[in-house]
Structure formats: structure tokens, C-alpha cells
Amino acid sequence: MEIKRTYQQLKNVYHLIKAVAANFYYLFPSKKICIIAVTGTNGKTSTVWMVNKILEEAGCKTAVSSTINFKIGSKEWVNKTKFTTRSSWEIQKFINKAVQQKCRYLVMEVSSHSLDQNRVWGTSFNAAVLTNITREHLDYHRTMREYEKAKAKLFQMTAKNFGSGVINMNNKINEPQRFLSRDMNKYFFYGREKGANFWPEANNGELVIANNVSIGKSSTKFKVDDQAFHLSLPGEINLENALASICVAKLLQLPLEKASRALSKMKLIPGRMEKVENKKGVGIIIDYALTPDSMERLGKTYVADDGKNLIWVFGSCGERDRGKRPIMGEIASKYADKIILTNEDPYNENPSRIVDEIKEGIKGKAEGEGFWVVMDRQEAIKKALSIAKKGDIVLITGKGAEENMMIKGKKIPWSDKKTVQEALQNL
């Protein structure tokens with residue numbers, strides 16, 4: 001363990017040197033553009049998309065760097081790297097391009113790994129958004145405190161730039177003071193209600209509360225400051241993501257009417273609660289959920305009505321936090337009527353061991369009756385669709401909009417959505 005930690009520290013020094021070189025080479029481009037950074041375990045991509053949509057509605061030229069895509073002005077392309085935040089050199093190169101194209105804002109996802117590894121060193125952040133912190137990446141960070149410490153670096157960097165902070169009030173943080181600074185220009189705390197987790201230490205904070213909330217399986221409605229919002233996106237998680245984006249609109253002094261209009265125009269976010277249309281009358285949902293918290297939220301959103309079934313297809317990433325696997329199995333068995341365990345980015349780990357560890361958490365279901373193991377992901381999806389009846393819901397999670405799968409060091413072309421569409425044609 002100590003050898004691994006020493007290697008990690010040396011690697012971080014390498015990334016720092018690379019980041020310093022990149023910033024000097026591109027002449028610290030982040031100082032010439034307003035950067036809104038979003039971090040958190042879940043909801044980063046959706047929040048980035050929502051913030052960008054609001055900025056575009058306000059007539060601003062934007063750039064985006066997210067897990068699923070990149071965008072500079074009108075040019076947009078897929079993120080095929082499988083990295084939320086790329087190398088320090090690529091980051092500064094991208095920021096420089098956005099500046100050259102005269103983008104006013106850059107909205108970007110910032111991962112805990114990139115913060116810990118100094119990959120974003122030298123970047124001037126104007127706003128830091130924290131969606132949530134739940135169990136994930138403990139294979140790397142080891143403890144939740146270390147994970148939180150890495151996330152907090154974003155707020156410390158933003159405070160040095162006298163920027164603003166946006167924080168979900170439902171966050172249960174071990175050391176919230178890490179995220180709070182007198183140097184921060186302003187804080188925005190958001191949530192459905194004030195709740196017990198509100199952080200009173202920030203005396204320069206503004207509350208953004210959702211009222212008159214109505215959440216269905218296909219939409220979400222609520223009000224903020226008497227302004228009505230209507231999303232074509234379901235779930236508590238999207239309510240929180242929308243509130244985070246509204247906080248950004250407030251800190252940039254954009255009218256809430258424009259934020260409302262922008263969010264109402266969002267019909268889908270690729271691989272995030274994405275519905276696949278079909279003639280079977282089945283609700284087919286593709287989502288990136290790969291943490292216990294995201295699976296819990298997804299299960300609550302799509303739990304089947306009486307007489308119908310929720311069929312859940314998922315696995316777990318290899319060479320990652322093994323402790324979460326049985327938890328994922330338990331959560332799925334709580335909400336799903338039928339479970340199909342399958343392969344999902346095993347990397348160099350034995351896929352069968354991954355599935356066996358998920359199986360340990362499954363409760364109240366017998367293998368071959370309530371749940372099945374189908375290691376071939378294509379066959380697993382086919383099986384789910386073949387047993388689904390009209391009115392049932394099929395959840396396919398863990399890959400989202402990704403376009404490849406990592407198996408023994410190789411990137412194999414893969415798309416859950418295309419696989420579903422092909423299977424539907426053959427049924």
C-alpha cells in the first residue's frame with residue numbers, strides 16, 4: 001500500500017510539472033475567460049449541460065468540457081477519452097482555443113483525481129459548484145475524508161481568485177470548513193428545503209430553495225423565487241442539478257425567466273436517464289449510474305407500478321472500489337423485480353469476480369428466477385428486452401453515453417443505445 005502511495009505522489013509531481021509548463025506555454029489562458037467548474041460524485045455532466053444551456057439562452061458564446069462531450073462555440077465533438085478531466089496539457093490547450101474563439105464562458109467538469117494530481121494547477125476558476133459527495137473512487141482516495149479533501153481543492157483555488165461557490169445543502173461533509181473561505185466572493189446553497197445539513201458557517205451565503213415540487217417518471221416541476229420551472233427530466237437528482245444551474249445564473253446575474261426557458265428546452269442529456277423510444281410500450285432507460293447513491297436515486301425514480309416489472313441490467317467497473325459492489329447489488333434488489341448482471345469495463349480484472357461480488361449483496365432473489373448472470377453485455381440487454389412486457393421498465397446502467405468498453409487494456413467499440421436499438425429491430 002505504501003509503495004502504491006509513493007508512486008501516486010511521484011505521479012502527482014509529474015502532473016504538476018506538466019501543468020506548470022502548460023500554463024506558461026499557453027500564457028495562463030484561464031485568466032482571459034470566465035470558468036465555471038463543476039465537481040461532485042454524481043450529476044456533474046447534467047449540471048454542466050444545464051449551465052451551458054442557460055448561458056446560451058442568455059446569448060453568451062460558450063465552451064464546454066464534460067465527460068461526454070467537448071464544445072467550443074458551435075463546434076461540438078464526443079469525449080472518447082473516458083476521462084472526466086484530461087491531462088494538464090490538454091486542459092490548457094482547450095482553454096486557450098476557447099479564448100481564441102472568443103468564448104465568454106467555459107463550463108467544465110473537474111474530477112477529484114485531476115484536483116489531487118495537480119492537473120488543473122494554474123487554472124483560474126471563477127465559480128466552483130459542488131453537486132454532492134457520496135461513496136466512490138475509494139480505490140484511489142482510500143477514505144471519504146481524503147476524497148472530500150480532493151474535492152475541496154477546487155473551492156480553495158476558486159477562493160484565491162475571489163470567485164463564488166455553489167453547494168448542495170444535502171451534502172453530508174465530514175469537514176465542511178474545507179469548502180468555506182472568507183475570500184470567496186459569495187456562496188449559494190441550494191436544496192429542496194433548508195434541512196439539517198445547511199452550513200451556517202458561511203455568512204456571505206444565499207439560499208436557493210425549490211418550492212411546489214412535483215417529480216414524475218418523465219418530468220419535474222418546481223418554483224424558485226416565484227419563477228416556475230418545468231424540466232423534461234425526471235428524478236430528485238435532476239431537481240438538484242437544475243437548482244445548481246439556477247445558482248450559477250444568479251451569481252452571473254442572469255434573469256430567472258431565461259434560466260426557466262433554457263431548462264424547459266432540454267429534452268434529454270445523452271446517457272443520463274435517456275429514454276429509448278420503442279414500439280413494445282416498454283420504458284427503456286439508459287443511465288450512467290455507477291455508484292450506490294446514483295443507483296438508489298434511479299431506483300426510487302423508476303420503481304415499477306403495481307403489476308409491472310422493473311428489469312435492471314448492470315455490472316461494475318473493474319479495478320475500482322470493490323467495497324461498493326455488494327451495496328450496488330443490495331440497492332438493485334430493493335427496487336428491481338428482475339436483475340441481469342453483466343460485464344462493464346472490467347479493464348484487467350476478472351469479470352466473473354466482479355459479478356460475484358455484486359451477487360453477494362442481492363437479497364430475496366434466487367439466481368435463475370429473480371436474477372441472472374449474462375456476462376456478454378449485448379446478450380444481457382437482449383434478454384432484458386425479450387422478457388419485458390408492455391408497461392415494464394428496463395434500466396440499463398453503468399455505461400451511459402460512452403462509446404467504448406475497456407477489456408484487458410483495449411478499447412472495444414460499444415454503445416448501450418445502439419445495442420438496444422439493434423436488439424429492438426431483431427425482436
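The paragraphs below walk through charged pairs and aromatic rings in this predicted model. Residues are numbered from 1 along each chain as its sequence is written, and side-chain values use heavy atoms, with hydrogens and water left out. Because the model is predicted, local features need pLDDT of at least 70 and side-chain atom pairs count only at pLDDT 80 or more, while totals for chains, interfaces and linings use all residues.

Side chains of opposite charge can pair when their charged atoms come close. With a salt bridge taken as a side-chain nitrogen of Lys or Arg within 4 Å of a carboxyl oxygen of Asp or Glu, the count comes to 30 salt bridges. One of them joins Arg 135 and Asp 321, at 2.8 Å from N to O. Arg 135 lies in the loop between strand E6 (127-130) and helix H5 (138-141), and Asp 321 in the loop between strand E15 (310-314) and helix H10 (325-335), so the pair ties together parts that are 186 residues apart in sequence; helices (H or I, at least four residues) and strands (E, at least two) are DSSP runs, numbered from the N terminus. Asp 321 is buried at 5% relative accessible area, whereas Arg 135, at 29%, is partly exposed; buried means under 20%, exposed over 50% and partly exposed in between, with a 1.4 Å probe and protein chains only.

Turning to the rings, the structure holds 12 aromatic pairs, where rings of Phe, Tyr and Trp (its six-membered ring) pair if their centres lie within 6.5 Å, and planes under 30 degrees apart count as stacked, over 60 as edge-to-face and the rest as tilted. Phe 24 and Phe 28 have ring centres 5.1 Å apart and planes at 80°, so the pair is edge-to-face.
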